[in-house]
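Here's a quick tour of a protein model, written for someone who likes angles and distances. Have the viewer open and follow along.

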Amino acid sequence: MNHDFSKLDSIFDRYPKNQESLIAVLQDIQKEYQYLPCEALEATANRLNVSLSKVFSVSTFYNAFSLKPKGEKIIRICCGTACHIRGAKMIQEQLEKLLEIKAGDTTADMKFSLEVVACVGACAMAPVVIVNNKYKSNVKVSQAKSLIKKG
Ligand code: FES
């Protein structure tokens with residue numbers, strides 16, 4: 001996958017060049033590219049003067065980081081208790097069927113990623129689906145199609 005890595009410099013410029021900046025730098029890279037590209041991890045190791053194995057171990061330790069490319073639209077289905085009781089699983093299955101992928105995967109055209117997440121703290125709105133950081137409340141299975149059409 002081709003990325004514009006010129007943005008990395010501005011990320012590195014925000015922080016002191018040492019190991020203490022590692023998590024903050026990785027968070028900014030993930031925000032920029034939606035995941036941690038291999039080239040960016042190598043650049044991070046060089047610029048912060050830490051070993052690549054250290055960068056990898058931090059990248060794989062935290063669930064918030066992903067080493068896999070993500071789609072343009074990231075759909076997160078809450079699978080906490082309140083959402084589960086109100087049918088989150090059926091919404092998940094419907095989205096998996098429509099997108100022809102399983103939760104945790106990204107469509108081949110890189111348009112959608114489907115993820116299942118733990119309670120997102122909005123149980124009163126259950127079931128909750130988050131599309132690119134936008135919360136959708138009281139989602140019904142019948143809305144699955146529209147979730148993957150518009151924002
Ligand atoms: S269980 Fe889904 S928001 Fe809490």
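## Overall layout

First, a caveat: this is a predicted model, and every value below was computed from it. The protein chain carries seven helices and four strands, and going along the sequence they come in the order α-α-α-α-β-α-α-β-β-β-α. The C-alpha trace spans about 50 × 30 × 25 Å along its principal axes.

The chain splits into domain 1, covering 5–61, and domain 2, covering 73–147. Their C-alpha centres sit 29 Å apart. Of the 151 residues in the protein chain, 40% are buried. If you take contacts between residues at least 6 apart in sequence, 62% of them join residues at least 24 apart.

## H3 against H4

Helix H3 (residues 38–48) packs on helix H4 (residues 52–61) at an angle of about 125 degrees, and their axes are 8 Å apart. Angles from 65 to 115 degrees count as roughly perpendicular and those over 145 as roughly antiparallel, so H3 and H4 end up classed as oblique to each other. Their crossing is right-handed.

On the H3 side, the contact uses Cys 38, Leu 41, Glu 42 and Ala 45, while H4 brings in Leu 52, Val 55, Phe 56 and Ser 59. Sorted by type, the residues of this contact come out as six nonpolar, one polar and one charged.

## H2 against H3

H2 and H3 pack at an angle of about 150 degrees, with 11 Å between their axes. That makes H2 roughly antiparallel to H3, because the cut-off for that label is over 145 degrees. The crossing of H2 past H3 is right-handed.

From H2, the residues making the contact are Leu 22, Val 25, Leu 26 and Ile 29; from H3 they are Ala 40, Leu 41, Thr 44 and Leu 48. This contact divides into seven nonpolar residues, one polar and no charged.

Which residues of H3 are buried? They are Ala 40, Leu 41, Ala 43, Thr 44, Ala 45 and Leu 48. These buried residues pack against helix H1 (7–13), helix H2 (22–33) and H4. Leu 41 is worth a click: Leu 41 takes part in the contact with H4 and also in the one with H2.

Ala 24 is in helix H2 and is partly exposed, with a relative accessible area of 21%. The C-alpha atoms of Ala 24 and Ile 11, which are 13 residues apart along the chain, are separated by 9.4 Å.

Gln 30, also placed in helix H2, counts as buried at 14% relative accessibility. Setting aside neighbours within four places in sequence, Gln 30 is in contact with Tyr 35, Leu 36, Ala 64, Phe 65 and Ser 66. Then there is Gln 34, in the loop between H2 and H3, which is partly exposed with a relative accessible area of 35%.

Most residues other than glycine have a negative phi, and most peptide bonds are trans. Asn 138 is in the loop between strand S4 (134–136) and helix H7 (144–147), and at 39% relative accessibility Asn 138 counts as partly exposed.

Where is the cis peptide bond with omega near -5 degrees? It's the one from Ala 126 to Pro 127. Pro 127 lies in the loop between strand S2 (112–117) and strand S3 (129–131).

## One last stop at H5

Is Ile 85 buried or exposed? With 67% relative accessibility, Ile 85 counts as exposed. Ile 85 lies in helix H5 (residues 81–85). Between the C-alpha atoms of Ile 85 and Ser 146, which are 61 residues apart along the chain, the separation is 22 Å.

Terms used. Residues are numbered from 1 along each chain as its sequence is written. This is a predicted model: local features need pLDDT of at least 70, side-chain atom pairs count only at pLDDT 80 or more; totals for chains, interfaces and linings use all residues. Side-chain values use heavy atoms; hydrogens and water are left out. Domain bounds come from an automatic or database domain assignment. Axes are lines fitted to C-alpha atoms, for helices over the stretch in contact, and angles run from 0 to 180 degrees between N-to-C directions. Helices (H or I, at least four residues) and strands (E, at least two) are DSSP runs, numbered from the N terminus. Angles under 35 degrees count as roughly parallel, over 145 as roughly antiparallel, 65 to 115 as roughly perpendicular and the rest as oblique. A crossing is left-handed if the near helix is turned anticlockwise from the far one by less than a right angle, and right-handed if clockwise. Contact means heavy atoms within 4.5 Å. Ala, Val, Leu, Ile, Met, Phe, Trp, Tyr, Cys and Pro count as nonpolar, Asp, Glu, Lys and Arg as charged, and the others, Gly among them, as polar. Buried means under 20% relative accessible area, exposed over 50%, partly exposed in between (1.4 Å probe, protein chains only).
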